[in-house]
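User: Hey, I've got a protein model open and I'm a bit lost. Can you walk me through it?
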Amino acid sequence: MQLDKVYEPQRFEPHWAQWWIDSGIFKASASHPGKVFSLVIPPPNVTGSLHMGHMLEHAEIDVTVRWHRMCGYNTLWLPGTDHAGIATQMVVERRLAEEGRDRHQLGREKFVERVWRWKEEYGDTIKRQMIRLGASCDWSRERFTLDPGLSRAVREIFVRLHEKGLIYRGEYMINWCPRCRTALSDLEVVHDEERGHLWHIRYPVNGTGRYLVVATTRPETMLGDTAVAVNPTDARYLDLHGKTVLLPLLNRPIPVIADVLADPEFGTGVVKVTPAHDPNDFEAGRRNKLPSVKVIDETGRMTAEAGPYAGLDRFEARRLVLADLERLGLIDKIEPYELNVGKCQRCKTVLEPLVSTQWFVKTRPLAEKAIQVVENGRIQFIPDNWTKTYFEWMYNIRDWCISRQLWWGHRIPAWYCPDCAEVVVARETPAQCPHCASSRLEQDPDVLDTWFSSALWPFSTLGWPDQTQDLAAYYPTSLLITGFDILFFWVARMIMMGLEGTGEIPFRQVYIHGLVRDAERQKMSKTRGNVIDPLVVTEQYGTDAVRMALLIGAAPGTDIVLTQERMESSRAFANKIWNAARFVMLNMERCGVEPWLPESQQPALPEPCGECLDVHLADRWIFSRLNRAAEMANRAVEQYRYHEAAQVLWQFFWHEFCDWYLELKKLRFRENSGLNSDWRNLLAAFEQALRLLHPVMPFLTEEIWQRLATDRSSRPVSLALAQYPQYNQALSDLKAEWEVQTLQDIITAARNLRADLKVEPRQQLGGVLYTRGESNRVGTENAEAIEKLAGVKLEVRQGSAPKTGAAAMRSTPEFDLVLEVPAAQVEVQRKRLQKERDQLEKVIASSRRQLGDQTFLSRAPAKVVDSIRLKLEEYEAQLAKTRAALEGLDGHAPRD
């Protein structure tokens, strides 16, 4: 039963992490009775390893899941990973490059086989890490977004949407990554602010001596201009409507068109129109039936349409275009300009807007339903401020480009017939064209956006499109916990797809957690060098300590500041509990108490054992405080106020159970007493406290709980399956709480007086406790506790202390405590206070001189002046206290 002297979580955490999985205690059953709580994990990329954001997210999920399981819910936390199309393909392509090969040399089929082999070899990294950190998932239900069942669901929803006209193939302007060689949705684009230039270029008007000046930040695209535009209402250019200008460098005549694309208030009011390389120009080109001239290709190089610049990299072409324009005198002026440069989220390459034929989801009809379920409260965002953000995006949603020019992923279930030019979209691979019976069908080479399959995650993982028992039991899921960065990538799309595929919402609540930041509140990133590896710090401090450090700062709507000091403090908290358990177990041995725990199927807190007529005050008090802690912890977890739950548990365990209850109880330990009512109450309280703490610190609590009893016949195999303590009004004992609070105040007052007087710890003092009302009985009945815990032997009297000005006195509304102080201690105290007074008087004089100096006041920042004034007030208040204490000493008659 004994615990090691030193708290070393690395010695037992791996054991429990694996034992929880091997024992199958987290397996869910759709046929299990009772209320259901279900949740799917935001599937991490199969290429990834855990970062601190994952650990925060998984800790919050795990607390919620363990709490629901202990509250008797039929609980499912479904795990899995995402195939991560671009990311995974890039990893394997890099490996091929190291071998001097590329995917095209391998061919599609062999390349996909190679990716699957990589996945089997390396794809379980994040799963192993999650298990090690205690995630209480049902690992028997683990899913992967390319599993056969999920692939079937993807085809089913694609075909359904296509049949409804909500998936279509069209030519649109898309975000193209020349490095990844694929289209990207708007959400896969990151924007960086960079310093650039705005070049003003002269376009000669044919048949006149005039020039039209247009401004651009991308002069290489001018080679693809097919018009210049002026606003129809701009009087300056009415005479040029229908005229042409000469495209510089290529000397191609292009028309002057009247279009709202041109803003009369911006620059010269004239804009170049490049339909092939700008989304706004693309729309203007459609309105005016302009040709589209593609001068930059999918690799980022100039096409043959770029004339003498063909084959050049786009940025090299820019340099030469500018040089040629300068030589021809066609640069009107150059201005510095702040650019918002779109880059690939994955590889950070500058994106190129290109016109391409892609597959799209028509999102507006889907978004309307998704907006409605949030408006009517069927789905709730927590914190609520994310609701507004969600609506803003959904009301302005654009069609979703879902095709990707990759080989790893769900291949688009569309086939092209070269004989009749029809497109066949089907759930199963067709043997022949249904239109002309040709067998020469070719499947679309593209794959679906990774987020398309992820959008089906809550229901595809439960067996949809089949109407399975799991789907009926666990869908809609109860909750989603995720970060704000995938609110639109994933959350909004799950709502749209869930409603479309099942007719039901995918989850009832969405809790959005914050970011984990460093001590300076900076976002963690590899470039800043401030990344904290969760596997490193959990090895250093223990998983439970890192969880507590994260959770205690996890207030809804705020980011979490994670510091080394907070992790050290949380480890000290874990160590405090370990030492408390060790203290209990050592004394059980000394007192002849066999390992024992109360019945663990008790849903509410047990009442103190009443074998003796007089239940000890400390027991009544701890059960009342435990009852209050249970009430607050249940409410906090239910409302996702993880910081409050952590703070409640910290306060109860450290400052009430350890600092006071155990100190009071050890006074009643008797050698060879056996399992009496004192021990029964202590062990019952300790066991209930471990249950309370378990969702937050599962490893530590499981280890101690399993050691406390050897007879497991009357309780579950794991603390994770024990009932969570619930509030029991019958245990609320305000009288006991007031009495112990008064006792604590007396002991604390005596300890503070001893500290002020610098009395040796072993030296006992005498004194008088003047009491009022019921505090007299508290002082009298707990005289032994006061003597042992405060080192003072007190005579208890009714009334108030005489006004002698004694320095060794502390007063509260309930009592006056006067200690008899040795003469030597009075003199030590006097000298200390005199020194403190002198120092304060000097500091106050200096501060007053500063605040009286008009020159200083006129030059110093307001914050500095305000700070000096505030500190002066604090110094003056402290000086008043010091002088009062000295006056008390002068009137005190010391004891020889």
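This is a predicted model: local features need pLDDT of at least 70, side-chain atom pairs count only at pLDDT 80 or more; totals for chains, interfaces and linings use all residues.

User: OK, what does E737 pair up with in a salt bridge?
Analyst: Its partner is R625, and the two side chains meet at 3.0 Å, N to O. R625 sits in helix α19 (residues 617-638) and E737 in helix α23 (residues 734-757), so this pair ties together parts that are 112 residues apart in sequence.

User: How many salt bridges does the structure hold?
Analyst: It holds 62. Some residues are linked in a network of them: K735, E739, E774, R777 and E781.

User: What about R427, which residue does it bridge to?
Analyst: R427 forms a salt bridge with E163, and their closest N and O atoms are 3.5 Å apart. R427 lies in the loop between β19 and β20, while E163 belongs to helix α7 (residues 148-163), so the pair ties together parts 264 residues apart in sequence. As for accessibility, R427 is partly exposed at 34%, and E163 counts as exposed at 55%.

User: And R11, is that one buried or exposed?
Analyst: R11 counts as exposed, with 57% relative accessibility. The side chain of R11 meets that of D4 in a salt bridge at 3.3 Å, N to O, and D4 is partly exposed at 34%.

User: You mentioned β19 and β20. What order do the strands have in that open sheet?
Analyst: The order is β19-β18-β20, so 3 strands with antiparallel pairing. β19 (423-425) and β20 (442-443) stand at the edges with a single partner strand each, so one side of each has no neighbour in the sheet.

User: How many bridges are there between β18 and β20?
Analyst: There are 2 bridges between β20 and strand β18 (residues 414-416).

User: Switching topic: how many residues of strand β2 are buried?
Analyst: 5 of the 5 residues of β2 (residues 74-78) are buried, so that strand is largely enclosed by the rest of the structure. Both of its faces are covered, with N74, L76 and L78 on one side and T75 and W77 on the other.

User: Which strand is joined to β2?
Analyst: Strand β1 (residues 36-40) is joined to β2 by 5 bridges, and they run parallel. L39 stands opposite W77 in β2. To get from β1 to β2, the chain crosses through helix α2 (residues 52-70), and this β-α-β crossover is right-handed.

User: What about helix α21, how far does it reach?
Analyst: Helix α21 (residues 677-693) has 17 residues and reaches 24 Å from its first C-alpha to its last, close to the 24 Å expected. In α21, 16 of the 17 residues are buried, so the helix is largely enclosed by the rest of the structure. At its start, a side-chain oxygen of N676 comes to within 3.2 Å of the backbone nitrogen of D678.

User: Last one: where is confidence lowest, and where is it highest?
Analyst: Strand β28 (residues 809-811) is lowest with a mean pLDDT of 81, and helix α13 (residues 457-460) is highest at 98. For the protein, the mean pLDDT is 90, and 95% of its residues reach 70 or more.

Terms used:
Residues are numbered from 1 along each chain as its sequence is written. Side-chain values use heavy atoms; hydrogens and water are left out. pLDDT is the predictor's confidence in each residue, from 0 to 100. Helices (H or I, at least four residues) and strands (E, at least two) are DSSP runs, numbered from the N terminus. The expected span of a helix is 1.5 Å times one less than its number of residues. Buried means under 20% relative accessible area, exposed over 50%, partly exposed in between (1.4 Å probe, protein chains only). A polar contact is a pair of N or O atoms within 3.5 Å; within protein, one must be able to donate a hydrogen and the other to accept it, and residues adjacent in sequence count only if both atoms are side-chain atoms. A crossover is right-handed if, with the strands pointing away from the viewer, the path from the first strand over the helix to the second runs clockwise. A salt bridge is a side-chain nitrogen of Lys or Arg within 4 Å of a carboxyl oxygen of Asp or Glu.
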